[in-house]
Amino acid sequence: MKIALHIPCYINELFPEVAKSTVLLLRELKFNVTIPKNQTCCGQPFINSGFDTTLPHRYEEIFKNFDYIVSPSSSCVSTIKSQKLSISDKTYELIDFLHSQGFKNLAKNHKPLILHNSCHSMRHLNLATPSEVNLPYKNKVKEVLGCEVIEANRDECCGFGGVFSLKEGEMSYIIGLEKLNDLLSHWKYDFTPTITGVDMSCLMHLKGIAQKEHIKANFKHISKVLYEAL
């Protein structure tokens with residue numbers, strides 16, 4: 001199968017190591033991965049702000065000849081799926097793709113982790129069961145990891161929200177601090193916790209708050225956790 005790696009804009013600019021760990025992970029699992037050099041933004045910031053944009057169609061043109069498009073970001077994937085393009089159904093968030101291919105317990109020997117379930121991954125891509133649907137709980141990220149995973153008591157937003165954190169900075173901070181405290185509330189080990197997730201944007205937001213509040217925690221994208229485990 002021909003797989004293209006989509007590298008979100010903020011990862012390309014701020015966290016290139018996440019793009020690297022994603023492609024290394026996929027190749028370690030014997031997938032044939034290509035990184036198109038001319039890729040562009042999925043259009044999420046403009047769409048969420050109510051502006052018209054041709055970026056999703058440009059994205060479609062770039063990736064149309066691949067069997068799968070894999071991205072280390074559930075919000076970007078959610079954006080492409082929401083536009084109902086010809087490539088929407090073959091665009092996957094990284095963990096969703098691995099789960100669909102039957103991979104589980106890839107980090108079964110890893111130390112306990114704290115998992116942040118981001119809104120887009122849970123409520124748009126169904127990587128985990130949101131509480132409001134009142135169904136038995138399932139979590140694909142936990143299944144792929146396979147180690148002990150601690151989650152928050154409430155599956156609420158971390159407050160990032162992309163454009164929201166710029167427009168409503170104070171509110172975004174308060175929501176993020178509450179989320180961070182919730183995530184850490186069940187930590188019972190004597191080593192510094194690592195908080196992971198599928199969206200580096202959420203982890204970036206939480207990390208900034210942790211640094212301001214002098215809260216000890218490490219933050220690591222799920223691709224780095226899995227690649228290092230392998």
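Leaving aside neighbours within four places in sequence, Cys119 is in contact with His124 and Cys157. This comes from a predicted model. Cys119 is found in helix H7. Its relative accessible area is 26%, so Cys119 is partly exposed.

Cys202 lies in helix H11. Cys202 is buried, with a relative accessible area of 9%. That value counts as buried because the cut-off is under 20%. Not counting residues up to four places away in sequence, Cys202 touches His116, Ser118, Cys158 and Phe160.

## Ser201 in helix H11

Ser201 lies in helix H11, which covers residues 200-212. Is Ser201 buried or exposed? Ser201 is buried, at a relative accessible area of 6%. Beyond its neighbours within four places in sequence, Ser201 is in contact with Tyr10 and Phe160. Phe160 is also on the contact list of Cys202.

## The largest pocket

The largest pocket has a volume of about 540 Å³. It is lined by 27 residues. The closest to its centre are Gln44, Ser75, Phe160, Gly161 and Gly162. Which elements give two or more residues to this lining? They are helix H1 (9-14), H3, H5, helix H7 (119-124), helix H9 (163-167) and H11.

By class, the lining of the largest pocket divides into 15 nonpolar residues, eleven polar and one charged.

## The second largest pocket

The second largest pocket has a volume of about 170 Å³. Its lining has 16 residues. Met122, Tyr137, Glu151, Ala152 and Asp155 lie nearest its centre. The lining of this second pocket has seven nonpolar, five polar and four charged residues.

The largest nonpolar core has 53 residues. Those with the most contacts inside this core are Ile95, Leu98, Leu145, Ile195 and Leu226. H11 gives the most to the core, with six residues. A second, separate core has eleven residues. Ile62, Ile69, Ile80 and Ile87 are among them.

What does Ile195 touch, not counting residues up to four places away in sequence? The list is Ile114, His116, Leu180, Leu183, Leu184, Leu203, Ala217, Asn218, Phe219 and Lys220. His116 is also touched by Cys202.

## Helix H4 and its cover

Helix H4 runs over residues 55-63. Leu55, Pro56, Tyr59, Glu60, Ile62 and Phe63 are buried in this helix. Why do the buried residues line one face of H4? Seen down the helix axis, they fall within an arc of 165°, so they line one face.

Several elements cover these buried residues of H4. They include strand S1 (3-5), helix H3 (44-48), strand S3 (68-71), helix H5 (74-82) and strand S4 (91-93).

## His6

His6 is found in the loop between S1 and H1. Its relative accessibility is 1%, so His6 counts as buried. Not counting residues up to four places away in sequence, His6 touches Gln39, Thr40, Tyr59, Phe63, Ile69, Val70, Ser71, Pro72 and Cys76. Tyr59 and Phe63 are among the buried residues of H4.

His6 and Asp182 are 176 residues apart in sequence. Their C-alpha atoms are 32 Å apart in space.

Most residues other than glycine have a negative phi. Which phi value does Asn134 have? Phi of Asn134 is near 55°, a positive value in a residue other than glycine. Asn134 lies in the loop between H7 and helix H8 (140-145). With a relative accessible area of 70%, Asn134 is exposed.

His214 has a phi near 60°, again positive in a residue other than glycine. Its place is the loop between H11 and strand S8 (218-221). His214 is exposed, at a relative accessible area of 71%.

Technical notes. Residues numbered from 1 in each chain as written. Predicted model: local features only at pLDDT ≥ 70, side-chain atom pairs only at ≥ 80, totals over all residues. Heavy atoms only, no water. Helix = DSSP H or I, 4+ residues; strand = E, 2+ residues; numbered from the N terminus. Buried < 20%, exposed > 50% of the residue type's maximum accessible area, 1.4 Å probe, protein only. Contact = heavy atoms within 4.5 Å. Arc of directions from axis to C-beta. 1 Å grid on protein atoms, 1.4 Å probe; cavity = no way out; pocket = protein on both sides within 12 Å on 5 of 7 lines; lining within 4 Å. Points joined across faces, edges and corners; volume = space filled by probe spheres on them. Nonpolar A, V, L, I, M, F, W, Y, C, P; charged D, E, K, R; others polar. Core = buried A, V, L, I, M, F, W, Y, C linked by side-chain atoms within 4.5 Å.
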